[in-house]
Amino acid sequence: MGFKCGIVGLPNVGKSTLFNALTETASAEAANYPFCTIEPNTGIVSVPDKRLIELSDLAKSQKIIPAQMQFVDIAGLVSGASKGEGLGNKFLSHIREVDAIIHVLRCFEDPDITHVENNINPLRDAEIIETELMLADIESLDRQIQNLTKKAKTNDQDAKSDLVLMNELYALLSEGKPIRLGNFTDEKVKQYKSFNLLTSKPILYVCNVDENDAASGNSFTKNIYEKAKNENCEAVIISGSIEAEIALLEYDEKNDFLRDLNLEESGLSRLIKAGFSLLDLITFFTIGPKEARAWTLKKNSTAPRAAGVIHTDFEKGFIRAETISCDDYLKYKSEQAAKDAGRVRIEGADYLVKDGDVFHFRFNV
């Protein structure tokens, strides 16, 4: 399960508090001083999905296994991180290992919690982190361009192609624009992903607010939502203090607690779902009396690729997929009833999996 979201931000914005709540552990020390997290903490969390619960109830499954994602809590970056300030080089290398970035921004006032810039301005904070990531990318491209220039002189066509694109990326970064905001073809996006540049990764902004602003946000979050809209990405409002309390409650108590705060679901549930979307993932299901299970797959993947997520032998020996949409399964209340209604489809190797498909794979090993 290799999909990782890295949680980044300035010190004291609430990253470790959110991580602790996400994983429902205290493995990441949340303290009121910078760099309390020196090594990145990794937690595996379940993706909330009501469909899985409903499907398991209908199938009377003995076990429920939700889809999962990894979250990595990375220590707070500061201005100058790209030059090594605050152990910045080490922390930036941790960001290179994740698939997407969860950028936590402090959107609350609290005189008891210090801020490294001495006042609250989440737009400025976002710019500080973005600038450090861009500077790190420029430095990385400098090294890669030097190496490729030598190869290109030997008439290496791949090196020549990469060199042209790297110079385009360098020019974009020099204008103060992150790579993800560049106007590139799908082919070039696929090409530059192999360069492992920080600002090429998708990003989600998380506005950490106090309890009173958890439902409706505040002027700080309004600015961040506008920024996210301009960048064609998403933002989520979360109250770290609320999520820390929720993490300690039983399931039924959580729902009552959320209702009292006029919240339909926890901020962390929204964060996990947004992270799932950020990584361009979908869910398919395998449902039976022994277990109901949700599986994670990239969008626009074929049925054999989905089978391979379960076991590589399933993909190698794929014959066909018996498929029911989740909506049909829930509508007809059972697999057999859906089959009797003619809602079971037989799909071949070129079928593109849809979110919510319920599969039985036929294969020959």
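User: By class, how many nonpolar, polar and charged residues are in the lining of the second largest cavity?

Analyst: Ala, Val, Leu, Ile, Met, Phe, Trp, Tyr, Cys and Pro count as nonpolar, Asp, Glu, Lys and Arg as charged, and the others, Gly among them, as polar. Here the lining has 5 nonpolar, 2 polar and 2 charged residues. The model is predicted, so local features need pLDDT of at least 70 and side-chain atom pairs pLDDT 80 or more, whereas totals for chains, interfaces and linings use all residues. Residues are numbered from 1 along each chain as its sequence is written, and side-chain values use heavy atoms, without hydrogens and water.

User: Which residues line the second largest cavity?

Analyst: A cavity is a set of points on a 1 Å grid over the protein atoms alone where a 1.4 Å probe fits but cannot get out; lining residues have an atom within 4 Å of a point. In this case they are A214, I237, I238, S239, I242, E243, L263, G267 and R270. At least two lining residues come from each of β7 (234–238), α8 (240–246) and α10 (267–278). Helices (H or I, at least four residues) and strands (E, at least two) are DSSP runs numbered from the N terminus.

User: How many cavities of 30 Å³ or more does the structure hold?

Analyst: There are 2. A volume is the space filled by probe spheres set on grid points, which are joined across faces, edges and corners. Lining the largest are E322, T323, I324, Y329, E335, K339, V344, V358, F359 and H360. Two or more of these residues come from each of β10 (318–325), α14 (335–340) and β12 (357–363). That lining comprises 5 nonpolar, 2 polar and 3 charged residues.

User: At roughly what angle do the axes of α1 and α10 cross?

Analyst: Axes are lines fitted to C-alpha atoms, for helices over the stretch in contact, and angles run from 0 to 180 degrees between N-to-C directions. The axes of α1 (residues 15–23) and α10 come within 10 Å and cross at roughly 90 degrees. Therefore α1 is roughly perpendicular to α10 (65 to 115 degrees).

User: Which residues of α1 and α10 meet?

Analyst: Contact means heavy atoms within 4.5 Å. From α1, L18, A21 and L22 meet L268, L271 and I272 of α10. By class, this contact has 6 nonpolar, no polar and no charged residues.

Methods
1 Å grid on protein atoms, 1.4 Å probe; cavity = no way out; pocket = protein on both sides within 12 Å on 5 of 7 lines; lining within 4 Å. Parallel < 35°, antiparallel > 145°, perpendicular 65-115°, else oblique.
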